[in-house]
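Subject: Structure handover

Hello,

Here is the structure I promised you. Please open it next to this email and follow along.

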Amino acid sequence: MGEPQEPFFVGWGKLPKGLRLFIASCAACLVVGFGVISFLTSSTQTDTGGGAFMGQTRATGLLQEHPYPILHVIESPHFERGDTILLSGNGKRGAIDQAIGLDGQIVQANGLRLDRGDLHGMQLRNGQRGLRLAEDQDQSLVVSVEKLGRWKLNGEICDGKCLGGAMRPGTGLAHRACANLCLLGDVAPVFVSSGPVGGSEFLLMSDAVGGAVGPMLLDYTAIFVEVEGDVERHGAMLVFKIAPETIRIAQ
């Protein structure tokens with residue numbers, strides 16, 4: 001009799017009994033190994049507060065058009081009365097065009113809910129389906145403006161839509177390019193402070209007189225910077241009225 005033959009497998013035949021345990025062990029090691037690698041990779045990423053799209057929503061509230069459109073909520077199934085939410089459009093676009101002429105009016109907003117920590121937002125549907133005058137203009141909400149003084153802050157300049165949950169904030173050139181494309185599309189810029197200011201680390205940015213910032217921020221997005229300006233609380237939203245000449249890369 002000849003020597004016993006080692007089990008041999010070809011793709012079109014049955015798996016020999018002698019190889020079944022070996023193949024099963026290899027498969028189990030691969031599954032466990034990829035799981036461990038995935039866990040280790042994800043554990044090295046910065047915690048960004050669990051931001052995400054949270055599904056369709058609607059809200060009725062008082063619209064503030066400047067420096068960028070925000071909504072002070074009166075009634076909503078998902079937001080609390082008195083919440084202040086950033087508004088944005090589809091893609092890398094802001095909501096400035098949709099908000100024109102609605103400043104100080106009671107409006108109905110419809111779209112996708114965005115949330116990251118205490119930063120709330122909504123990606124509006126297109127046109128009047130996303131933002132229009134509410135039928136009931138007798139509703140009211142008192143929105144106070146509180147001056148919190150002059151601050152010098154360290155942190156990062158991001159766009160309020162991707163930061164708000166449309167994407168997971170990253171690092172490097174791709175992160176910066178993404179933020180700049182959004183800002184060029186009039187998405188509201190948000191300053192992420194390294195320390196809390198008035199109870200929040202997220203501040204909507206404006207120029208020194210409370211208007212839109214424009215392209216002056218493009219050289220400073222997605223990097224650690226220092227900037228000085230006045231901070232005001234508009235409803236539940238902090239507004240950072242920056243002095244552009246004070247922006248510099250932090251050491």
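**Ground rules**

This is a predicted model, so local features need pLDDT of at least 70, side-chain atom pairs count only at pLDDT 80 or more, and totals for chains, interfaces and linings use all residues. Residues are numbered from 1 along each chain as its sequence is written, and side-chain values use heavy atoms, with hydrogens and water left out.

**The chain**

The protein chain has five helices and twelve strands. Helices (H or I, at least four residues) and strands (E, at least two) are DSSP runs, numbered from the N terminus. Of the 251 residues, 43% are buried. Buried means under 20% relative accessible area, exposed means over 50%, and partly exposed lies in between (1.4 Å probe, protein chains only). Now look at contacts, meaning heavy atoms within 4.5 Å. Among contacts with a separation of 6 or more, 71% are between residues 24 or more positions apart.

**Strand β10 and its partners**

Start with β10, residues 224–234. Two strands pair if DSSP finds at least two bridges between them. Strand β7 (residues 145–159) runs antiparallel to β10, and ten bridges join them. Strand β11 (residues 237–242) is also antiparallel to β10, with six bridges. Strand β12 (residues 248–249) pairs with β10 in the antiparallel sense too, over two bridges.

Find D230 in β10. R150 stands opposite D230, and in β11 the bridge partner of D230 is K241. Further along, V225 stands opposite I249 in β12. The hairpin of β10 and β11 has two residues between the strands, and G235 there takes a positive phi near 65°.

**Rings**

Rings of Phe, Tyr and Trp (its six-membered ring) pair if their centres lie within 6.5 Å; planes under 30 degrees apart count as stacked, over 60 as edge-to-face and the rest as tilted. The whole structure holds one aromatic pair. The ring centres of F191 and F240 are 5.5 Å apart and the planes meet at 65°, so this pair is edge-to-face. F191 is in strand β8 and F240 is in strand β11, 49 residues apart, so the pair links distant parts of the chain. Both residues are buried.

The charged end of R113 sits over the ring of F79, 5.4 Å from its centre. The rule is that NZ of Lys or CZ of Arg is within 6 Å of the ring centre and within 35 degrees of the ring normal.

**A pocket and a cavity**

On a 1 Å grid over the protein atoms alone, a cavity is a set of points where a 1.4 Å probe fits but cannot get out, and a pocket is an open set with protein on both sides within 12 Å along at least five of seven lines; lining residues have an atom within 4 Å of a point. Grid points are joined across faces, edges and corners, and a volume is the space filled by probe spheres set on the points.

The second largest pocket has a volume of about 180 Å³. It is lined by 13 residues, and the closest to its centre are D118, S200, A236, M237 and L238. M237 is in strand β11. M237 is buried, with a relative accessible area of 5%. Its contacts beyond four places in sequence are I70, T84, I85, L86, L204 and E232.

One cavity reaches 30 Å³ or more. The largest cavity holds about 60 Å³ of space. Strand β3 (84–88) gives the largest share of its lining, three residues. A188 is among the lining residues. A188 sits in the loop between α5 (172–184) and β8 (189–197), and is buried at 6% relative accessible area. A188 and G160 are 28 residues apart in sequence, but 5.4 Å apart in space, C-alpha to C-alpha.

Most residues other than glycine have a negative phi, and most peptide bonds are trans. Which bond is cis here? A cis peptide bond joins H66 and P67, with omega about 5°. P67 is in the loop between β1 (52–64) and β2 (70–75).

D186 is not a glycine, yet has a positive phi of about 70°. D186 lies in the loop between α5 and β8, and counts as partly exposed at 40% relative accessibility. A222, also not a glycine, has a positive phi of about 60°. A222 lies in the loop between β9 and β10, and is buried at 16%.

Best wishes
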